[in-house]
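Please examine the structure shown below, and keep it in view while reading. The paragraphs that follow move through it one region after another.

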Amino acid sequence: MRAMEDWNDEQCDDTLTMTTVSQHFFGDDSETPSFSISIIENMKEDYGLFVWPCSVVLAEYIWQHKHRFSGATVVELGAGTSLPGLVAAKLGARVTLTDDSTRLEVLDNMRRVLGLTWGVWDSSIFSLQPTIILGADVLYDSKAFDNLFATVTFLLRNSPGSTFITSYHNRSGHHLIEFLMGKWGLKCLKLLDGFSFLPPDKASLLSGNIQLAEIGLISKDNA
């Protein structure tokens, strides 16, 4: 019996050691940040409960373009730990966080959340009219690209003039991304090296070939 209790204690300790809290600071002066956000991360769970580098890049971009987010209506796709959406909310945006409706462990980690599975047309998506759509590292699984762009296109059409801002690792699937953007009538409005605008203290903690893109609908005049 004692051995079983010890084993249970070890399992509990192991679970506790896999949970950590990361601090993320935002401000024009690194010495006196305007605000910070604490994220509880679970290293033992699925990838949705970890703050990936693309989230840090997108969150910093949002901070540096704070004027665009004050009063904006924002939807974050594949939010996971929701760092970009939380920054947007701090800046005065009305934010809806969404993630795959089948990933309950991620949804449970988010306080105000909408289950939204890409490419699935249930009632949850029809009420969304964002002026800005966010997605950090949502271009990681090529099998999901088509459903992602279908969802993004619907949201852009549902709210004319809106923009999709995404940060992603530049992997070998960029040709598929270009093809699907053409298929769904999308165009790249802006493309940046993710490290080009990061403060040095944040850039030093990240690695990889990360890009940030702003994507919109191709206008009928340009079609």
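This is a predicted model: local features need pLDDT of at least 70, side-chain atom pairs count only at pLDDT 80 or more; totals for chains, interfaces and linings use all residues.

## A guided reading of the model

I40 is placed in strand 2. Is I40 buried or exposed? Its relative accessibility is 51%, and because exposed means over 50%, I40 counts as exposed. Along the chain, I40 and T20 are 20 residues apart, yet their C-alpha atoms are separated by 5.8 Å.

With this one residue located, the chain as a whole may be considered. It has nine helices and nine strands. Of its 223 residues, 44% are buried. The accessible surface of the chain amounts to about 11,700 Å², and carbon and sulfur atoms account for 53% of that surface. Contacts also show how parts of the sequence meet: among those between residues at least 6 apart in sequence, 65% join residues at least 24 apart.

The interior comes next. In soluble globular proteins, nonpolar side chains tend to be buried together. In this model the largest nonpolar core has 33 residues, and F69, L83 and V87 are those with the most contacts inside it. Which elements give two or more residues to this core? They are strand 2 (35-42), helix 2 (53-64), helix 4 (83-90), strand 4 (94-99), strand 6 (132-136) and strand 9 (210-217). Helix 2 supplies the largest share, eight residues. Apart from this core lies another, of 24 residues, which includes L180, M181, L186 and A213.

An α-helix has 3.6 residues a turn, so residues three or four places apart point the same way. With its neighbours within four places in sequence left aside, V87 is in contact with F26, F35, I37, A59, I62 and W63. The loop between strand 3 (73-77) and helix 4 contains S82. Although S82 is not a glycine, its phi is positive, at about 70 degrees. S82 is buried, because its relative accessible area is 3%. After helix 4 comes G92, whose phi is also positive, near 105 degrees.

Aromatic rings form a further theme. There are six aromatic pairs in the model. In one of them, the ring centres of F126 and F154 are 5.4 Å apart and the planes stand at 90 degrees, so this pair is edge-to-face. The pair links distant parts of the chain, since F126 belongs to helix 6 (residues 123-126) and F154 to helix 7 (residues 145-158), 28 residues apart. F126 counts as partly exposed, at 48% relative accessibility. F154 is partly exposed as well, with a relative accessible area of 22%.

Ring pairs also link F26, F35 and W63 into a cluster. The charged end of K66 sits over the ring of W63, 4.0 Å from its centre. In the case of F26, the charged end of K202 sits over the ring, 4.0 Å from its centre.

Two further loops may now be visited. D137 is found in the loop between strand 6 and helix 7. What is the phi of D137? The angle is near 55 degrees, a positive value in a residue other than glycine. D137 counts as buried, because its relative accessibility is 13%. The loop between strand 5 (113-115) and helix 6 holds T117. At 19% relative accessibility, T117 counts as buried, because buried means under 20%. T117 and D99 lie 18 residues apart in sequence, and from C-alpha to C-alpha they are 6.8 Å apart in space.

The cysteines complete the reading. How many disulfides does the structure hold? The count is zero. C54 is buried, with a relative accessible area of 0%, whereas C188 counts as partly exposed, at 41% relative accessibility.

Conventions: Residues are numbered from 1 along each chain as its sequence is written. Side-chain values use heavy atoms; hydrogens and water are left out. A nonpolar core is a set of buried Ala, Val, Leu, Ile, Met, Phe, Trp, Tyr and Cys residues joined through side-chain atoms within 4.5 Å. Buried means under 20% relative accessible area, exposed over 50%, partly exposed in between (1.4 Å probe, protein chains only). Helices (H or I, at least four residues) and strands (E, at least two) are DSSP runs, numbered from the N terminus. Contact means heavy atoms within 4.5 Å. Accessible areas come from the Shrake-Rupley method with a 1.4 Å probe; for residues, only the protein chains shown count as cover. A disulfide is a pair of cysteine sulfur atoms within 2.5 Å. Rings of Phe, Tyr and Trp (its six-membered ring) pair if their centres lie within 6.5 Å; planes under 30 degrees apart count as stacked, over 60 as edge-to-face and the rest as tilted. A charge sits over a ring if NZ of Lys or CZ of Arg is within 6 Å of the ring centre and within 35 degrees of the ring normal.
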